[in-house]
Amino acid sequence: MLSLQIGPLVLPTGLVLLFVSLFVAYGVAWWLRRYRQLPDAGPLVSDMLIAGLLAARVAFVLRWHEQYLAAPWSIINIRDGGFLAPAGIAAALAIAAWRCRRPAMAAMRRPLGVSVAAGALAWGVLSAGISLAYDKPTALPAVALQALDGAPTTLAALAGGKPMVVNLWASWCPPCRREMPVLAAAQQARADIVFVYANQREDAAAAGAFLTLSGATLRNVVLDGEAALGKAAGSSALPTTLFYDAQGRLVDTHLGELSDASLASKLQKIAPPGSL
C-alpha cells in the first residue's frame with residue numbers, strides 16, 4: 001500500500017508511519033518524565049530528527065549534484081522525496097552519541113534509548129502489518145488499457161521486455177503537469193527504458209486536449225478509465241510513478257512530483273546507464 005486516505009486527505013504511507021513513530025517516541029519520553037521522573041528525552045529526539053532529515057537531504061543532493069546544479073532552486077523542494085535514509089540514521093545516532101557522551105548526560109541515555117526504541121518498534125510493527133494486509137504486486141498488472149486512438153493494449157505489450165516506468169496522472173493534477181517535462185526529457189534520453197503515461201479516469205478528449213495545450217511530446221499515453229493501475233499499486237494519490245525492471249518486477253515507487261534527481265535515482269535501480 002503506497003498511500004492512506006483519511007477522508008479527502010491522501011497521504012503517503014511512509015509519511016504516516018513517520019508521524020506515528022514520532023508520536024510514539026515523544027509519548028514514551030513524556031511518560032518516562034512524568035511517571036518515572038527521568039530526564040525529558042523529547043528535545044533530544046527533536047534534535048535527532050532535524051539532524052537526520054538535514055543529513056539525509058544533503059547526502060542525496062551531493063549524490064545527484066549534477067541534476068541539482070542544473071536547477072539549484074529544486075534543492076529546497078523536498079517534495080521530490082530526495083533523502084538518503086542511511087545518512088540520516090547515521091547523523092541522528094551521531095547527534096545522540098555526541099550529546100550523551102558526557103557523564104553529566106548519563107541519566108539521559110536510558111530515556112532516550114527507550115523512546116527511540118519505542119518509535120522504531122512502532123515503525124517496524126506498522127510496516128509489517130501493512131505488508132501483510134496488502135500484497136505487493138510482483139508482476140506487471142494485467143490491466144486492460146486503451147491508447148488515445150482507442151486501440152486496446154496492456155503494460156506487458158508496451159514493455160516489450162524492457163524496464164518500464166509507469167506514470168499515473170490526470171490533466172487536473174498540478175504536480176502531474178509540473179513533472180511532465182522531467183519525464184518527457186527522460187523518455188527522450190533513455191531509449192533503453194519504456195515510459196508509459198497512464199491517464200486516470202479521464203477520456204481521450206481531456207487527455208489529448210491537455211497534451212496539445214502543454215506541447216508535451218510523449219509516447220505511450222494510455223487511458224486507465226477505472227484507475228485500475230492505481231488500485232493494483234495500492235495508491236489513490238496522483239501523481240504516482242511505478243518502476244519495473246526488465247522482468248516486470250516492481251522495484252520502486254514514487255508518490256508526488258518527481259525532480260530530475262529523484263527520477264534519476266529511481267531509474268538507476270531498474271536500468272543503470274550502460275547496463276544494457
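This is a predicted model: local features need pLDDT of at least 70, side-chain atom pairs count only at pLDDT 80 or more; totals for chains, interfaces and linings use all residues.
Local features require pLDDT of at least 70 and side-chain atom pairs pLDDT 80 or more, whereas totals for chains, interfaces and linings use all residues. Residues are numbered from 1 along each chain as its sequence is written, and side-chain values use heavy atoms, without hydrogens and water.

Helices (DSSP H or I, at least four residues) and strands (E, at least two) are numbered from the N terminus. The axes of helix 1 (residues 13–35) and helix 2 (residues 42–63) come within 9 Å and cross at roughly 155 degrees, where axes are lines fitted to C-alpha atoms, for helices over the stretch in contact, and angles run from 0 to 180 degrees between N-to-C directions. Helix 1 is therefore roughly antiparallel to helix 2 (angles over 145 degrees). Leu22, Ala25, Tyr26 and Ala29 of helix 1 meet Gly42, Val45, Ser46 and Leu49 of helix 2, contact meaning heavy atoms within 4.5 Å.

An open sheet of mixed pairing comprises 7 strands in the order 4-3-7-6-5-8-9; two strands pair if DSSP finds at least two bridges between them. Strand 8 (residues 240–244) pairs with strand 9 in the antiparallel sense over 5 bridges, and Phe243 has Asp252 of strand 9 as its bridge partner. Helix 10 lies across strands 5, 6, 8 and 9, at about 170 degrees to strand 9.

The largest nonpolar core contains 24 residues, being a set of buried Ala, Val, Leu, Ile, Met, Phe, Trp, Tyr and Cys residues joined through side-chain atoms within 4.5 Å (buried: under 20% relative accessible area, 1.4 Å probe, protein chains only). Helix 7 (174–189) supplies the largest share of this core, 6 residues.

Technical notes. Angles under 35 degrees count as roughly parallel, over 145 as roughly antiparallel, 65 to 115 as roughly perpendicular and the rest as oblique. Buried means under 20% relative accessible area, exposed over 50%, partly exposed in between (1.4 Å probe, protein chains only).
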